[in-house]
Amino acid sequence: MVNLTLLGCGGNVPLPNRFLSSLFINFKGRKILVDCGEGTQVSMKMKNCGFKDIDLICITHTHGDHIIGLIGLLSTMGNSERTKPVTIVGPIGIKEAMNAITTLITLPYKLNIIENPSGLFSLADPILADLSIETINLDHSTECIGYNFHFARHPKFDVEKASKNLVPRKYWSILQRGVSIMDDEKTYYPEMVLGESRKGIKISMITDTRPIESIPSFIDGADLFICEAMYGDDLDISKAIKNKHMLFREAASLAVRGNVKQLLLTHFSPSVDDPKVFENNAKSVFKNTILGYDRFSIDINFQE
């Protein structure tokens, strides 16, 4: 199971009831943060997310409403006696932005910065071994990337198969973790005890951008598609084009074309006082649409 919490779903400026863009992901106790706008720490405190043990921070772009909260968050992590390095992934410009931030604060841990990764990749950190990440270049007013998070699911243990292959019972739990074992010149492999592969979970996150042609194939089949929805009113299309953002209807159209299971809308303009007013503009295109709000949580379960 993957648990996700929208810590903030606003764009541009924070409001009393709407903090800026931030997403918290918890998978088997592993904590991932996507973007870190103003208010992130407050929402994390309200949801008891915990500051010290964030394993990975992914940044979509370096506009203030997506990154300015990092100054306080990284400081708080240090004050929580964090000593383990923190990995930060981001687009072109993330290294320069982090250099600027670290001139303002002193941290008791190292920052590992991965700038502008392309394609599908995994991190060296063994605690994130079940996660692979994929990025896409988006169309915004600055360098911006979207993310796919692929959470792997290990095959079931097959007792009959293990017995047939004469695998000693004392090695079963190790082989189940995907580790091979050599014993008395014989090697036991995980496939000797594991059943068929099982489908994992795919989470797609796209913000901030116009609805470019490469997005549907990138998000294809996602269990959850989290997408910016800056403007609700179809009449705001000129604003969306000018500022390189999306309408509710455009985000929903991408969900249809990407054959996703659920759409979660976020990153609402301060001018959109009540997103529910424009809810039908999305749901009339893609029925399984959820309007995000600060501290909204959802669990995505593995399919049987």
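This is a predicted model: local features need pLDDT of at least 70, side-chain atom pairs count only at pLDDT 80 or more; totals for chains, interfaces and linings use all residues.

**A walk through the strands and loops**

As background, strands of a sheet pair through backbone hydrogen bonds, in either a parallel or an antiparallel way.

Helix H3 (residues 70–79) touches strand E3 (30–34), strand E4 (54–58), E5 and E6, and its direction makes about 165° with that of E4. Helix H4 (residues 94–101) touches E5 and E6, with its direction at about 150° to that of E6.

Now step back to see the whole sheet. It is open, with 7 strands in the order E6-E5-E4-E3-E2-E1-E16, and its pairing is mixed. At the edges lie strand E6 (111–115) and strand E16 (296–300), each of which pairs on one side only. From one strand to the next, the twist averages 20°.

Next, find strand E14 (263–266). Strand E13 (residues 224–228) runs parallel to E14, and 4 bridges join them; Glu-228 has Thr-266 in E14 as its bridge partner.

Where do the side chains of a regular strand point? They alternate between the two faces of the sheet. In E14, both faces are covered: Leu-263 and Leu-265 are buried on one side, and Leu-264 and Thr-266 are buried on the other.

The loops deserve a look too. Most residues other than glycine have a negative phi, and most peptide bonds are trans. Asn-259, though not a glycine, has a positive phi of about 55°. You will find Asn-259 in the loop between helix H9 (248–257) and strand E14. His-267 is not a glycine either, yet has a positive phi of about 60°; its place is the loop between E14 and helix H10 (279–283).

Are these two residues buried or exposed? Asn-259 counts as exposed because its relative accessibility is 56%, over the 50% cut-off. His-267 counts as buried because its relative accessibility is 1%, under the 20% cut-off.

One last stop is the peptide bond from Thr-207 to Asp-208, which is cis, with omega near -5°. Asp-208 sits in the loop between strand E12 (198–206) and helix H7 (215–218).

Technical notes:
Residues are numbered from 1 along each chain as its sequence is written. Side-chain values use heavy atoms; hydrogens and water are left out. Two strands pair if DSSP finds at least two bridges between them. Helices (H or I, at least four residues) and strands (E, at least two) are DSSP runs, numbered from the N terminus. Axes are lines fitted to C-alpha atoms, for helices over the stretch in contact, and angles run from 0 to 180 degrees between N-to-C directions. Contact means heavy atoms within 4.5 Å. Buried means under 20% relative accessible area, exposed over 50%, partly exposed in between (1.4 Å probe, protein chains only).
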